[in-house]
Amino acid sequence: MKNITVKDIAEKAGVSPSTVSRALNNRSKVAPELRRRIVELARKMDYRPPAGSRSRTVAVILPAKAHCDMGIYERTLLNRIIQHESVERDYRIMLLSADDFSIIEEQTTVGVLSFDYLQRLADRLPKLKNLPMVCVNDYGKRLDNIYSVRSNDRQGIRLALAHLWELGHRRIGLLQDAEGGRTLCSDIREESYLEWMTEMGGTVSVSYVDSLSNHAEAVGRLLQQQVTAILAAGEAFTLWLYRLLELYGRRIPEDISLVTWEAPEISEFMSPRTTTIAQDFPRIVAAAFDLLEEQIEGRQPAGDIVVDNKFLLRESTARIS
């Protein structure tokens with residue numbers, strides 16, 4: 001059977017081959033309706049770009065517009081993608097909200113990286129099964145060839161708890177971010193905390209932050225339960241948690257020990273400097289691109305990837321007096 005060319009599509013669409021090329025490669029100077037018509041025509045004609053000529057555009061899915069405030073976690077990942085990994089591997093990046101996910105059907109992309117940990121996008125892709133996709137810190141779906149890369153949250157929680165336990169803490173509170181709903185990461189972190197504390201015979205105290213207005217209440221609940229240490233499971237806690245503990249009259253680490261998730265360029269400059277669990281963002285992003293490229297090249301990945309966290313010991317924890 002004859003291979004369909006850009007010229008064939010141009011003749012069918014009644015436009016020039018250069019217009020078809022610009023439309024298929026998402027270049028400027030092509031009207032949206034015309035580009036949509038050309039892309040749809042290319043699909044119907046079963047057009048396959050010649051090897052080496054396909055657009056090297058990767059769609060990066062961000063959290064939905066309802067949760068579109070870019071936090072430390074999202075900014076760190078994007079910085080790694082845009083300034084490092086995509087440059088080294090020669091990919092163009094197209095940023096999309098999960099709310100605009102359907103537009104991918106109108107674009108010529110080689111694959112999708114999802115950083116929308118709130119949506120479980122692997123369950124929303126029946127029409128795009130053949131488009132390589134990797135979810136970061138969210139569920140994959142191996143049956144549809146959707147793979148995942150995530151941090152080892154179980155290992156991270158256990159590292160933090162073991163450190164605090166060694167310092168003599170037995171009443172260790174877990175502060176969880178519940179704004180936007182439950183996620184894979186929050187579920188694993190809480191399960192691991194409850195499992196470890198039960199095994200060791202510690203006192204369990206979990207408090208949830210579900211909006212900006214109840215930060216003080218969430219911390220207050222833990223202090224009322226007389227915790228001697230707080231494990232804050234998220235990158236966004238550091239700044240306001242230091243301030244609230246100060247307002248509650250608690251000194252770090254003299255009155256209460258604190259471990260949080262690493263907030264790059266913030267945790268190490270707090271006073272005292274924060275002891276943290278750090279996601280290995282360079283390895284996470286590199287692994288995500290590795291999985292994506294294996295699928296783009298027609299190879300079957302061995303499976304999902306779990307990346308260990310790092311424990312960064314600083315000054316915010318102390319032996320219980």
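Colleague: In which sense do E1 and E3 pair, and over how many bridges?

Modeller: Start with the terms. Strands (E, at least two residues) and helices (H or I, at least four residues) are DSSP runs, numbered from the N terminus. Two strands pair if DSSP finds at least two bridges between them. Here E1 and E3 pair in the parallel sense, over four bridges. Ile61 has Ser114 of E3 as its bridge partner.

Colleague: What kind of model is this, and how are residues numbered?

Modeller: It is a predicted model, numbered from 1 along each chain as its sequence is written; local features need pLDDT of at least 70, side-chain atom pairs count only at pLDDT 80 or more, and totals for chains, interfaces and linings use all residues. Side-chain values use heavy atoms, with hydrogens and water left out.

Colleague: Which strands make up the sheet with E1 and E3, and in what order?

Modeller: The order is E2-E1-E3-E4-E5-E11, an open sheet of six strands with parallel pairing. E2 and strand E11 (305–307) are the edges; each has a single partner strand, so one side of each lacks a neighbour in the sheet. E3 pairs with E4 over three bridges, in the parallel sense. Val112 has Met133 as its partner in E4. E5 and E11 run parallel, joined by three bridges. There, Ser151 is partnered by Val307 of E11.

Colleague: Which way do the residues of strand E3 point?

Modeller: In a regular strand the side chains alternate between the two faces of the sheet. In E3 (residues 111–114), Gly111 and Leu113 point one way, and Val112 and Ser114 the other. All are buried (under 20% relative accessible area; exposed is over 50%, partly exposed in between; 1.4 Å probe, protein chains only).

Colleague: How many residues has the largest nonpolar core?

Modeller: In soluble globular proteins, nonpolar side chains tend to be buried together. A nonpolar core is a set of buried Ala, Val, Leu, Ile, Met, Phe, Trp, Tyr and Cys residues joined through side-chain atoms within 4.5 Å. The largest one here has 24 residues. Val58, Val60, Leu113 and Val149 have the most contacts inside it. H9 gives the most to this core, with eight residues. Apart from it lies another core, of 22 residues, among them Val219 and Met270.

Colleague: What does Val149 touch?

Modeller: Contact means heavy atoms within 4.5 Å. Not counting residues up to four places away in sequence, Val149 touches a list including Val134, Ile284, Leu291 and Val307.
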